[in-house]
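Let's take a walk through a structure together. Have the sequence and the 3D view open, and follow along from one part to the next.

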Amino acid sequence: MNMMEMFLALMAIMLFTTLSLTYNQAIWRQTDYINNATMVVQASQICHSILDEADAKLFSNQIEFTDIVDTYNFTDTQSYPHLPVTFTVSCVATDCDSLGQDLETPNPNSLFKRIEVSVSGPTALRYPYKMKRLYTKTFM
Amino acid sequence: MGVLLDVLGSVIIAATLFLMMMTFQLQMQETAARIHYTGSMIDHMDTAASKLNHIMAMAGIGVPVDSVCVIADESRLVFRTFWNCESDTLSEDRHLIDIKLGDSTQHGSILEINQDGTLIEPLGYILYIEDVAFNYYDKNDNQTTTPANVMSAEILLTFRRDSPWRQDQPLRTNIQLKCFFMNSYLQGA
């Protein structure tokens, strides 16, 4: 085997190595997207359940409207054994205006409160999933 | 002789590379098919979860709180409501809604929703279910098995779909959701 043949063989090896790496990367990337999508669905359900819980407890007067800010400000690690995955759930409640914007000065008597839930944790969930809901005081 | 060996070596290398390329192509096809299947399953999971949330939120309309839930089993939930699940409208008649796992088939099962003993959506809206389990909670979020105390339910769903290429490697996805009997809470729990 002369020098040229060795060079051609080396080039062929490089070409096919590059090809196989490209293929594998494409597969890994697609798998990442799928894993992320699965986690997004679960994270969305977690956000819904926390906000629905706030709705339910307000409906039943288990918490007062003015208690929202105190009750729904927490960060917690929650385990979901059925998946099985552990998520970090962060909940931030604030006094806000009718558009959901923060008040310049917090006012416990504000007629509007906003709860924002953020779910993060497993590597497969690429970005934290966030959901917010605006609550209005009524006098019914 | 030397040339013959060179040609033989080249043929072997070419055949090996050709086989490698074919294997890559087949793997790519299989992966693409699995991703497509899983992607559609994720969409289905999301839809199924929204549907279940909606049905549970309609439990107990016009019914005293302690009479809403009739059966609170690990794999079956039955509740009363003045809501017609089939037409998704309020009703003047009280209905009994029964949620349970249907008979298992080779393609999984359907989460059956019966209204007054009649199966609605016979084609199955929540399908590809392999397993379902319910956990129940009272108004203080303590786990309970007493129907009169049930105010919310945690639903553990396992979806299963056969793999497009390998029947022995089915695709499974799990989801865990919590649904609240909003109408019971509206009555003051």
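What follows is a tour of the chains, their contact, their sheets and a few backbone details.

This is a predicted model, in which local features need pLDDT of at least 70 and side-chain atom pairs count only at pLDDT 80 or more, while totals for chains, interfaces and linings use all residues. Residues are numbered from 1 along each chain as its sequence is written, and chains are lettered from A and ligands numbered from 1 in the order in which they are written.

Chain B has a mean pLDDT of 89, with 98% of its residues at 70 or more; pLDDT is the predictor's confidence in each residue, from 0 to 100.

Start with the two helices called α1. Names like this come from DSSP runs, numbered from the N terminus: helices are H or I runs of at least four residues, and strands are E runs of at least two. Two packed helices are described by the angle between their axes and the distance between the axes. Here, helix α1 of chain A (residues 3-59) packs against helix α1 of chain B (residues 2-57) at about 10°, and their axes are 11 Å apart. The axes are lines fitted to C-alpha atoms, for helices over the stretch in contact, and the angles run from 0 to 180 degrees between N-to-C directions. So α1(A) and α1(B) are roughly parallel to each other. On that scale, angles under 35 degrees count as roughly parallel, over 145 as roughly antiparallel, 65 to 115 as roughly perpendicular, and the rest as oblique. The contact of α1(A) with α1(B) has 14 nonpolar, nine polar and one charged residues. Nonpolar here takes in Ala, Val, Leu, Ile, Met, Phe, Trp, Tyr, Cys and Pro; Asp, Glu, Lys and Arg are charged; the others, Gly among them, are polar.

Now take in the contact between the chains as a whole. In it, 27 residues of chain B are in contact with 24 residues of chain A, where contact means that the C-beta atoms of two residues, placed from the backbone, lie within 7 Å. Which element of chain B gives the most to the side that touches chain A? That is α1(B), with 13 residues. At least two residues each come from α1, β9 (171-180) and α2 (182-186) of chain B. By class, this side of chain B has 16 nonpolar, eight polar and three charged residues.

Stay with chain B and look for its open sheet of four strands, which run in the order β7-β6-β8-β9 with antiparallel pairing. Two strands pair if DSSP finds at least two bridges between them. At the edges are β7 and β9 of chain B, each pairing on one side only. Strand β8(B), residues 152-161, pairs with β9(B) in the antiparallel sense over 10 bridges. Across from β9(B), Leu157(B) stands opposite Ile175(B), and Phe159(B) stands opposite Thr173(B). Helix α1(B) packs on this sheet, touching β8 and β9 of chain B, and its direction makes about 20° with that of β9(B).

Is β9(B) mostly covered or mostly uncovered? It is mostly covered, with eight of its 10 residues buried. A residue is buried if 20 or more other C-beta atoms, placed from the backbone, lie within 10 Å of its own, exposed if 12 or fewer, and partly exposed in between. His44(B), in helix α1 of chain B, counts as partly exposed because it has 18 C-beta neighbours inside 10 Å. The C-alpha atoms of His44(B) and Ile126(B) are separated by 8.0 Å, although the two are 82 residues apart along the chain.

Over in chain A, four strands form an open sheet in the order β1-β2-β3-β4, again with antiparallel pairing. Its edge strands are β1 and β4 (129-136) of chain A, and the twist averages 20° from one strand to the next. Helix α1(A) lies across β1, β2, β3 and β4 of chain A, running at about 150° to β3(A).

Finally, some backbone details. Leu83(A) and Pro84(A) are joined by a cis peptide bond, with omega about -10°. Asp88(B) is not a glycine, yet it has a positive phi of about 55°. Asp88(B) counts as exposed because it has 10 C-beta neighbours inside 10 Å.
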